[in-house]
Amino acid sequence: MVIQHRKTRTRSRRLQIGVAVMALVVGILALTNPNEKDFEAWLESEYGIHVSYDVIDGRRFTEQTSDGEKKLQFVNGHSRKLGILSTYQYLLKDEDGKELQVRGTGILNRFVNK
């Protein structure tokens, strides 16, 4: 009877530790979930697309190319914040009418191409 009680206590303790570890992992992921500013900084480092803000025009997108700077127009975009990760998608159009779709998934304050 004493042996059975120890097994139950050991399982209960392991379950408590497992739940605590999972809560800690989810908490860390939630705290390090990147936001839209982080996504825009990633756009600049990954694609050379700079985002600036103007009181009159709103957001401005410019792309650094070998030919110089090219203005981009924001067509549409969306974002999903899922607590532990975020997804962002922007559809941009350049001066020639070519569309550029940029997607990124963010987790642990980092983005990856989707």
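1. Terms and model. Buried means under 20% relative accessible area, exposed means over 50%, and partly exposed lies in between (1.4 Å probe, protein chains only). This is a predicted model, in which local features need pLDDT of at least 70, side-chain atom pairs count only at pLDDT 80 or more, and totals for chains, interfaces and linings use all residues. Residues are numbered from 1 along each chain as its sequence is written, and side-chain values use heavy atoms, with hydrogens and water left out.

2. Fold and overall shape. The protein chain has two helices and six strands. Both kinds of element are DSSP runs numbered from the N terminus: helices are H or I with at least four residues, strands are E with at least two. Along the sequence the pattern reads α-α-β-β-β-β-β-β. The radius of gyration is 23 Å, well over the 13 Å that the globule rule gives for 114 residues, so the protein chain is more spread out than a compact globule. That radius is taken over C-alpha atoms, and the globule rule is 2.2 Å times the number of residues to the power 0.38. Along the principal axes, the C-alpha atoms fill a box of roughly 80 × 30 × 20 Å. Buried residues make up 25% of the 114 residues.

3. Arginine 60 and aspartate 54. The structure holds four salt bridges. A salt bridge here is a side-chain nitrogen of Lys or Arg within 4 Å of a carboxyl oxygen of Asp or Glu. One of them joins arginine 60 to aspartate 54, at 2.9 Å from N to O. Arginine 60 has a relative accessible area of 40%, so it is partly exposed. Aspartate 54 is partly exposed too, at 28%.

4. The arginine 59 network. Glu36, Glu40 and Arg59 are linked in a network of salt bridges. Glutamate 36 meets arginine 59 with the closest N and O atoms 3.2 Å apart. This pair links distant parts of the chain: glutamate 36 is in helix H2 (residues 36–47) and arginine 59 is in strand S2, 23 residues apart. Glutamate 40 also bridges to arginine 59, again with closest N and O atoms 3.2 Å apart. Here too the link runs from helix H2 to strand S2, over 19 residues. Which of these side chains are buried, and which partly exposed? Glutamate 40 is buried, at 7% relative accessible area. Glutamate 36 is partly exposed at 31%, and arginine 59 is partly exposed at 29%.

5. Arginine 59 over a ring. Arginine 59 also lies over the face of phenylalanine 74, at 4.7 Å from the ring centre. The criterion is NZ of Lys or CZ of Arg within 6 Å of the ring centre and within 35 degrees of the ring normal.

6. A search of the whole structure finds 10 aromatic pairs. Rings of Phe, Tyr and Trp (its six-membered ring) pair if their centres lie within 6.5 Å; planes under 30 degrees apart count as stacked, over 60 as edge-to-face, and the rest as tilted. The rings of phenylalanine 61 and tyrosine 90 have centres 5.8 Å apart and planes at 85°, so this pair is edge-to-face. It links distant parts of the chain, with phenylalanine 61 in strand S2 (residues 58–65) and tyrosine 90 in strand S4 (residues 86–94), 29 residues apart. Phenylalanine 61 is buried at 3% relative accessibility, and tyrosine 90 is buried at 2%. Ring pairs link Phe39, Trp42, Tyr47, Phe61, Phe74, Tyr88, Tyr90 and Phe111 into a cluster.

7. Tyrosine 47. This member of the ring cluster lies in helix H2. Tyrosine 47 is partly exposed, at 31% relative accessibility. Its C-alpha atom is separated by 8.4 Å from that of glutamine 64, 17 residues apart along the chain.

8. Nonpolar patch. Leu24, Ile28, Ile107 and Leu108 make a nonpolar surface patch of about 350 Å². Patch residues have over 30% relative accessible area and no salt bridge; like charges are joined within 9 Å, nonpolar side chains (Val, Leu, Ile, Met, Phe, Trp, Tyr) within 5 Å. Areas come from the Shrake-Rupley method with a 1.4 Å probe; for residues, only the protein chains shown count as cover. Isoleucine 28 lies in helix H1 (residues 2–31) and is partly exposed at 42%.

9. Most residues other than glycine have a negative phi. Leucine 108 is partly exposed at 45%, and asparagine 109 is partly exposed at 48%.
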